[in-house]
Every structure is written in C-alpha cells, then in structure tokens.
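Dear colleague,

I am passing on a structure that I have been looking through, and my notes on it follow below. Please read them alongside the model itself.

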Amino acid sequence: MSSLHLAILAPLIVSIFIPLFYKIFRRIHTGWFVLPLPILLFVYFLSILPITMSGKSLIKIINWIPSLGINFTVKVDGLGLLFSLLITGIGALVVLYSIYYLAKNKEKLNHFYVYLLLFMGAMLGVVLSDNLIVMYAFWELTSFSSFLLIGYWYERDKSRYGAQKSMLITVFGGLAMLGGFILLYIMTGTFSFTELMSQANDIFNHALFVPALLCILLGAFTKSAQFPFYIWLPDAMEAPTPVSAYLHSATMVKAGIYLVARFTPVFGEHYLWFWLVTGVGILTMIWGSVFAVKQTDLKAILAFSTVSQLGLIMSLLGAGAAAHHYKFLDENIFTVAVTAAIFHLINHATFKGSLFMVAGIVDHETGTRDIRKLGGLIHFMPITFTISIIGAFSMAGLPPFNGFLSKEMFFTAMVHVTEMDIFNLETWGILFPVFAWIASIFTFVYSMILVFKTFTGKYQPEKLEKIPHEASIGLLISPAILVSLVIIFGFFPNLLSDSLISPAMASILPSLLGAGEEFKVHISFWHGINIELFMTLGVIILGVFLYQTLSRWKPIYKSIPEKLALNRFYDFLIEGVQSGSYTFTKSYMNGSIRSYLVYVFAFFIFILATTLIGKNAITFDTSNVSSIGVYEVILAIFVVLGSICILFAKSRMTSIILLGAVGYTVSLFYVLFRAPDLALTQLVIETISVALFLVCFYHLPKLRKFETRMSFKLTNALISIGVGAVVTLIALSAHSSKLFDSISQYYVENTYKEAAGKNMVNVILVDFRGFDTLFEITVLAIASLGIFGMIKLRLNRRKEG
Amino acid sequence: MEILMAFVIGILFMTATYLMLSKSLLRIIVGTGLLSHGAHLLILTMGGLKRGAAPILGGNAESYTDPLPQALILTAIVISFGVTAFFLVLAYRAYQELGTDNIEEMRGTEKDD
C-alpha cells in the first residue's frame, strides 16, 4: 500500500468515522472534521506536480486479482493529476461552504458528509486508476454517491425523481462503458490502460474497434450530460447547492470529459470519434445554451449552462483528436483545441463553482431562486453581486477574465476545424464555427440574465420569504477564492500552461511528442486583429442586443415546448417498464402453490430432458444387470399398485394406510437389496409416521375432491407422467453409463483400519461423514422446534374471537 | 432388476407429482412421502443392486454392496421424516386457523394483512 493508494482510500476510510464524530461532537459542525482531509490531499497532490511537469508519471501497483489481470494500479500523469487537484481543491472549498450552508441542528450531516467523502474517494479512484475494471468500479461508485446526494432530501418527491433519473441514466452508460472495456480486453488481452495504449495501432482495424468506441462514448456522454442524455442534470439540481457545485458542475460530470480525454490516444484517429465527440459536443452546447435562456430558476439556468459548457469542452476534445492526422506539422495548429479544452475545464470549475455558490447564497438569504421574484439585491448583497458578476462575465467570455481567454481559444480551434482536409470537413467544417458562435451568443445572454435579473432591476420584497441581507463571511470565502482564481488565471494564464496544461496534453496526445519533448503552451491576450476577435465582438454586440430586447423574444423561447419530448420519452419509458413488469410478474406469480409447482416440475422435465437429449446421454445397457427374483417382482407390484391406488383413494384413512403399505414394502426392498440398516430405520420411521398421521387423523379434514375440471386433471396427469418418464430415463441411463469408478472402495477398505468399526454404513455416518449426521440432527431439532411452536402458537385473531 | 426398479421409481415419482399438484393439503403431504420413497430407491438403484454381501465386515464375504448410497439414504430417511412431521402439523394448524385444507383458498393476496 503506497501513499497514493492511501490518498484514494483516505476519504472512504474517514467516511467510516463521520457518524461517530456526528454523534460524539454534536456541538461542532461535522464539516470541520471533514475539511482537513481534502486540504491535506490537495497539498499532497501538489507535491507530485514536479514529477508530471517533467513529463513522467508515477505508477504504484497492488496486486488484486492478478489471474484475471485486475490489479489496483494507480497511475498519476498530467491528466490524472489535473483532475485530482480539481477534486480535492474544489472539494475543500465546497466542504467549507457547506459548513455554513447546512445548519448543524436541522440537517442529517452524518449522512451528507459520508456521501460526500464516498464521492471524493470514488472520483479520485476514477481519475487515478490505470486498470479499467478498477476504474469502472469507482465510476459506478460516483454514480451511487451522486444518487444518494441528489436524494439527500429524500422526503421530497422531486429529489427522489431526480436521484432515480440520474442513477438510471448514468448507470446505463456505465454498463455500456464496461461492455466497451471488455471488448477492448478481447482485442488486446489487457485491462491495463498503459498496455492498451501501446497496442492502439494494432487494434485500429479490428472488427470490435467501433463497437468498443461506441460503448465507451455512451459511458462518457451519459456521465457528462451530453445530448440526448443531458436530461438528468437539470433534475439533479434538487441536491443541496454545495453538491450541485461540486458534483454536478466541477467534478463528476467531468468524468465523461476525462474518459474521452483518456481514450483519445486509443480511438482519436478514427473518424467516428471526431464526428461523434465534436458533433455531439457542439450540439449539446447550442441546445443547452438556448434552454438556459428560458429558465427562471437560478440553479436551472446554471444546470443548462453546465450542459452547454460540457458540450463545449467535449467538442474541443473531439477537434483536438483530429490533430493525430497531422503528426508532421512543425507547429501543429490543431493541438490548440486540446489546450483550450483543458484550460476551459479549469476555468469552468472556477467560475461555475462560484456561480453555484452564489445561487446557493441567494437561495439561503432570500428563500427563493426564482428570477421572477428576485431583483434589486445589489444594495443588500454587494459582495455577492461582485462575485457573481465576475463569474458571469467570465462565463460569457468577456475580458479580462479567464473565460475570455479560453473562449477565444475555442473559437480559434473551431475555425481551424474548417482548415482540416479530412473526414469531409472541407464541406461540413464550416458548421462548427457557426454553431459555436451562435451558442456563445446565448451563453452571453444567459450569463447576463443570471446576474442582472437577480441583482439589478426592481426590488420585490413582497415576493421574498426572508428579508435579504449580505451572507455571512463563511459562505463568502469559498466563492471569493474561486473568483479570485478567475481573475488570476485571467491575467496570468501562463501560471497554468507549464504546470498543468502541458502535462495533461502530453497524456491526451502522447503520439505527437518525441522522447523528452513537451508541448509548448503559451496563452496570450492579444492575437492581433483576426477572425476570433470579430467573433467575440459579434457575440458581445448581438448578446447585448438580445438581452436588452429579451421581453420581445419571450414568446419564441416559450414556443420551445415546456415539457421536453426527451423528458416525456424518459417518463414514458420508466412508467412503461414499471407497469409492464408488474403486469408480467402478476400474471405468473398468482399466489397459488399449485401453479408454482407446475412451473417447478415443468422446468424440471424441460431441463433434464433437454440435457439428456442434448448430451446424448440416454443409454440403455442390459449387460450389467442383476437377476430378478420372485419376491422382488411381488414387492414391485405392491409398490406400484399401492401408489396408484392412493390416486384414487376416496377417504383419508385409505390413503394413509396405502402410504404406510408402500413404505413397509420399500423397507422390504431394502432387506432384499442387502441394506439391513436401511430396512430397520425405514420400519421404525414408517411406524412413527403412520402413528403421527393417525394422531392428526382426528383433526384433519375430510378428503375432498377439489379438482373437478378435466383440463386441470389433464395438466396434472401430463406433468406427472413427464416427471415419471424423465426419472425413469435418468435411472436407466445412470445405470447404463459409468463415467468413473465408485469411491466406495475406500470405505470398504478403511472402515476397520481407520475407525475400528465393522458396520460400514454406521461408520460412514458417525466417523467419515460425522458432520452430515450432526447437521441431520440439527434439521430434526429445528423441525421439532417448529412443530412445538406451531402447536403452541395461537394467533391473535383467535384470542380476540 | 435395475431396469425393473427404474420403472417402479418412475411410477413412484409420477404418482407423487400428481398428488402434489392436487389442491388438497393431505394429498400433497402423502405425495411428498411417496416422492421421498422414490428418491431413496433411485439413489440405491443407481449404485447398483445386489453386488455382494451386506456391508458389514466379519462375514468373510468376498465383496460387499456399495455402503455409500446406504449411508446417504439413511440420512435422507430421517430428514424426510422430519419434514413430513413438520408438514403434517403445519397442515393441521393451518386447517384449525383457516378452516380449509384447500390450498387455492389459502392463497394470500396483497389485500390481506
């Protein structure tokens, strides 16, 4: 166990102790016990930074199931470290924020922090595992913890609905991804990502390559809320705001981005990868941004904006993957897309995190998040306003904030797409910058709505539940730190370029680097007068125009149906599956024991008969049979007659006596078959059984014939004949084919030697198989306890009666 | 002999199944009794019948019948007795409580408490 493994498992270990802290230190907010952990982890991951900056990676292995190629291998490279820093860094800020957001007296803090830590550990596991199966396990754990956190206020219908929705969609994607991993394993014979990458070129033309690609993209798209799977993210906003800021904007939804980035070296050269990742990404971006404009809930705006921004990053990664086709360009202009993707990933975490926290503050201090009720809060909450305007301007892509830089690079990357001469991009490539530009205009508009509808305009105190006032300092620290990062990264973007962006790019595009090389990243404000600058200017001018005339456009926005077809489809599917399976189960689980027995016997006949026939096991061999004596024939006739007579017995007395007769005959059989112990036991047991039947005889009801219908009898007869026939066949075949020697000779030889007994059956029972007998006695004891209990039991109903 | 026994066992299983599929509780119990007889004979037959003396040392026999199936059946006889006894008392009590021995009438529905 290395320190790296410990770092991943630490949140899971600490989570065990959270309920204890909660119970013992009730006066102290449980969050204070959690806070040191992400800070420590953040510092720890920072200490690894020099290793990844020098282009190396850190690998530690714990053997888990080596025979299946599943090991807990941890690998820290540029990409993994970037995500680890995000997870722990934002994690620390979110925990701090939650301490002030969730009241210690009212909330179930023990639950909350356990789930949160579970998520943190799982997410670290996802981004640091080198083994695909281990990564999958952590991936699903993030889905589960997200489910628990969305359903944190489980008494609300909407929370449960949102939790279920996110769970179903992301786990569906996760399973698809697992399928993709297994396909990769079939092709390469390894679950290790590092080994997989070295074989990437060999599997490119494999028949399973495209199915694996599609499966893995399905996992990424569901997790990162891409079109059309994004529908779970807006509903996930039912979670407490710290959770939304953490899971549903900064980290978990970026797991899909991570997956795409991780697999770019494997799949990136394929045209499907480019078209799907870039196309779906840009479509999601424009779709999300348009829907964000028509929302009225602050968190809903942010949710759709997150969908849109995730689409942006996704499309950049897709475009960047195309750089694989231009290996020999000295200045590979297409890698700028990957640079932009990573840079925007960091930026998005900073500004979106702060905006979520601001939305939480507004909700906390006014009691509503509805922008129709809010307005004019600038006078009450000046600090919150400052934070949110910086965040929103960065999101809109305005200078001098970091969002401006990455948005400019985004435009650059999209414009470069038109210069590519692969995958039919000469004709269709122009769509990408156009879509990107349109989406950016709507991004601008909703960013403005977010700030100005909340903080400026008419103050409507009568619509608010509380009198608004500035948030406490504790709530403001975290968003303030995030927006200061927005400004710092805006002015000094090159702080990130060598430390984080370049190593991460090396993980995404390793084949473009020679030995010892690294990507030279330099981000600058001023690129000269070029098309990107005009695009940004256009966004601002059109955006301001659209925002100013927002009320006129309302009808058009409204004409987009309120209940989306996609959501309807999901609801329809869920209801259909539920009612369908209910009806189906109801139709065969009808509560009648007879039906169940019919299923059991029918299956018995089916499975044994098909096996007998399928394995060609029916044999009939008379060479090895023993002689038939007169007595045996008589006994056989007795048994057969007796058992058939029971079928037609009219009274219970007859059937009990006939059963006894069959039993005694069987014991005579044992005598003839040289089994004296069995004969004795059977005689004793049969006597007791008959006695017991007769004791109950007095109480038992008259034997009535319930079954009257012919079809009923016919089914029964058919099934019983089937069972009898199959058993006869098995008995014949078992006798006729001896696959291996009997083990009985051992007992014959050792009975006296080992156990000093002469009766082999007895010795086997008490010496060789002593435990069997012990458990046999246990069964009898349980049965007798049950009988005793039943006789003593008087149900309440009787007493009352 | 084994061939004959195979048919005897088949008939035992057949009647047992028919009885278990009926609606009367008593007939079901009788059916389980027959089923266990059939199963015991099946195990014994599969091991081969009458291949030597009874499995008790000291008689100077040259060979013995297979002791292992006998040991298995001995356990099975006792356990099937336990189960039959349990079942019988269950039927008796169920009849007392519910006033019927028709299992179709005992069918629990979700509306019942």
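A:Leu184 touches A:Leu132, A:Gly189, A:Leu196, A:Ile203, A:Ala212, A:Ile216, A:Phe263 and A:Phe267, where residues up to four places away in sequence are not counted and contact means heavy atoms within 4.5 Å. The model is a predicted one, in which local features need pLDDT of at least 70, side-chain atom pairs count only at pLDDT 80 or more, and totals for chains, interfaces and linings use all residues. Residues are numbered from 1 along each chain as its sequence is written, chains are lettered from A and ligands numbered from 1 in the order in which they are written, and side-chain values use heavy atoms, with hydrogens and water left out.

A:Leu184 is also, with A:Phe45, A:Phe263 and A:Phe267, among the residues that touch the most other members of the largest nonpolar core, which has 217 residues. Such a core is a set of buried Ala, Val, Leu, Ile, Met, Phe, Trp, Tyr and Cys residues joined through side-chain atoms within 4.5 Å, buried being under 20% relative accessible area (1.4 Å probe, protein chains only). A second, separate core of 67 residues includes A:Leu597, A:Ile719, A:Tyr747 and B:Ile103.

Chain B has four helices and zero strands (DSSP runs, H or I of at least four residues for helices and E of at least two for strands). Its C-alpha atoms fill a box of roughly 65 × 25 × 20 Å along the principal axes, and buried residues make up 63% of its 113 residues.

Best regards

Conventions:
Buried means under 20% relative accessible area, exposed over 50%, partly exposed in between (1.4 Å probe, protein chains only).
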